[in-house]
Amino acid sequence: MYLKNIAIKNIGPIDELSVKMPFDNDGNPKPIIFVGENGSGKTILQSQIVDSFYEIGSNLFEDVGKQKGLSRSYYKISGGLNLQTGKEKGFSALIFIDDKKEKIEYFDKIGDIKKEDISKLLNDFLLSPNNKNDNQKITTSISEPQKERLQNEWLTGAHFYQPAYRYEEPFWKNDPFLDYQRFEDKKRFSNQLKKEIEIISATKDNKSYLMDLVLDFTSNSTNIIDQVTWKNINDILRRIKQRNDIRFGIGPRGAYRVSIVEQNTDGSVKKQLLPSIDNLSLGESILLNLFINIIRHADNPPKNIIEIKGIVAIDEIDVHLHTDLQSSVLPKLIKLFPKVQFVITTHSPLFLLGMKKAFGDDDFEVRNMPSGEIITTERFSEFGKAYEVLKNTEKFEKDLKNKIIENKKPKVYVEGPTDVLYIKKAFELYDKKINLNKIEIEIIGEDTEKGTKNSNNKALKNAGKFLKTKLDILSQKIILLNDPEESVEEVVFSEKLYIRKIPKIDTNPIQKGIENLFDKILVEKVKKIKADCFQFQTVGTKTKNFQIMNDKKQEVCAWICKNGTKDDFKNFSKIIKILETILNPKTDEN
């Protein structure tokens, strides 16, 4: 069974929405993703889908439906509470199709809805309202042949909803039944589904399922499908952990039964990686259980992963997931199930970008709530820019951390490559109490062929924010030396991280950068030889000061370092004094 159409009118923030679900040329469903701000109706749309599951499912099975005493109650409350503010009537109408393309409809209304109200959004909807000013919730009357067919589809496929408030218990919680597993009695009684419609937590059920699966294929080595299922589930684990050398392990009685192990090339156990699947992070656990749920629900009879059918509705699919899981892992896992109809809501641009990379522009659909209009890939291209910034930031932090860990020398980080050259030249010209060979002076970013990347005052500030939360990794002193014009607070963190600023000389002609330390005599000398390297700041009719053009800084630096005298670099003694004070003036000079 697949969802074909959704129509909603005056429910919550949704004024009017009509969606025709996307399918490919082979009739397989394309993933559909609903985006929008909080309060735009994404969860309300999902609630109508899961409510339709309960209403249709209760017509097929005795054990589906919310029970209230001896009678069945609705999953979703009907009535004026659901209406858009200021409206007197509204409705939701959904059309499903079974494997024979026969319709199954769901209708939920508040107030006096007419047939023509529905036809404006769904012109082929068959159910008719009762023409009364009341609440009404009805589904298609299912014939016996169709009922038998639908029962089979539900028993052999996956039809469930995972809300945004889903969770999995952490391994550290003191629950004596946390790792209790039971073997499932797979015998089904007539007219019973024996599967969840709404899944909030599934670790316990899935651990039992994994043990059942191992028992089945170890007791019958010719059972190829169970072995394929075992392989598929392990493939999901490997994709989530992004390691190819791991798999599930089944432990002895009296211990954790379902663990994660590192394996040798022949498949034998090398060592235990995690004692239980409960030891996965919350994001990894939620993601693992989501996709095992699909396999478990469709495992009657066992089948290849690409043959699993059904509808899986997931609210806020990105919840608890790290950026890599959102953008890289999750889309690839969805793609493993080409015949499952995924109806998803998200706030994550990273997930959308990952879907675009995995599915291309045409094999999934994005709609903006509350209008339901289709969003093209161009509409969320701005997300790509945000993602690139994030990736660069992560790479910057990772590179910075690795450099610090790999080298134990004290480090001085400055804003640009010319700063490094000027300071090293000053060390050559002046007597000093610290040995230049025992410290490292570097730019904060990386030097590329197109110029310095992430090497500026902002990068120094970001490095400070990052390192002050990572003081435990520092085994040496780190000095972040800012240019004189920067408005930074000079502070010390745990005698490890020092944020300092080059002293500023207001009377010198260059006011920005480390070049502020050069006096007028040197600047005039350089200007005569390299006049095209300078620009002037003018206030009214007066020239205020000089400034070296950004693309000429390297050229000016090369000349000064080659021709500059000790007197030209006299003000750099201020920098040397800062470094000596921090890096111990008693440092051995030999």
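**Helix packing around helix 7**

Mentor: Helix 6 (residues 282-297) packs with helix 7 (residues 323-335) at about 10 degrees, and their axes lie 11 Å apart. Axes are lines fitted to C-alpha atoms, for helices over the stretch in contact, and angles run from 0 to 180 degrees between N-to-C directions. The model is predicted: local features need pLDDT of at least 70, side-chain atom pairs count only at pLDDT 80 or more, and totals for chains, interfaces and linings use all residues. Residues are numbered from 1 along each chain as its sequence is written, and side-chain values use heavy atoms, without hydrogens and water.

Trainee: Why is helix 6 called roughly parallel to helix 7?

Mentor: Angles under 35 degrees count as roughly parallel, over 145 as roughly antiparallel, 65 to 115 as roughly perpendicular and the rest as oblique. The angle here is about 10 degrees, so helix 6 is roughly parallel to helix 7.

Trainee: Which residues of helix 6 and helix 7 meet?

Mentor: Contact means heavy atoms within 4.5 Å. Gly 283, Glu 284, Leu 287 and Phe 291 of helix 6 meet Leu 325, Val 329, Leu 330, Leu 333 and Ile 334 of helix 7. That contact divides into 7 nonpolar, 1 polar and 1 charged.

Trainee: What makes a residue nonpolar, charged or polar?

Mentor: Ala, Val, Leu, Ile, Met, Phe, Trp, Tyr, Cys and Pro count as nonpolar; Asp, Glu, Lys and Arg as charged; the others, Gly among them, as polar.

Trainee: How do you know how helix 5 runs relative to helix 7?

Mentor: Take the angle. The axes of helix 5 (residues 224-241) and helix 7 cross at roughly 165 degrees and come within 9 Å. Helix 5 and helix 7 are therefore roughly antiparallel.

Trainee: Which residues does helix 5 bring to helix 7?

Mentor: Ile 236, Arg 239 and Ile 240 of helix 5 meet Leu 325, Val 329, Lys 332 and Leu 333 of helix 7. This contact has 5 nonpolar, no polar and 2 charged residues.

Trainee: Why does His 297 count as buried?

Mentor: Buried means under 20% relative accessible area, exposed over 50%, partly exposed in between (1.4 Å probe, protein chains only). His 297 has 1% relative accessibility, so His 297 counts as buried.

Trainee: Where is His 297 found, and what is His 297 in contact with?

Mentor: His 297 is in helix 6. Leaving aside neighbours within four places in sequence, its contacts include Leu 155, Phe 160, Lys 195 and Glu 196.

Trainee: How many residues of the chain count as buried, as a percentage?

Mentor: Of the 590 residues, 52% count as buried.

How values were computed: Helices (H or I, at least four residues) and strands (E, at least two) are DSSP runs, numbered from the N terminus.
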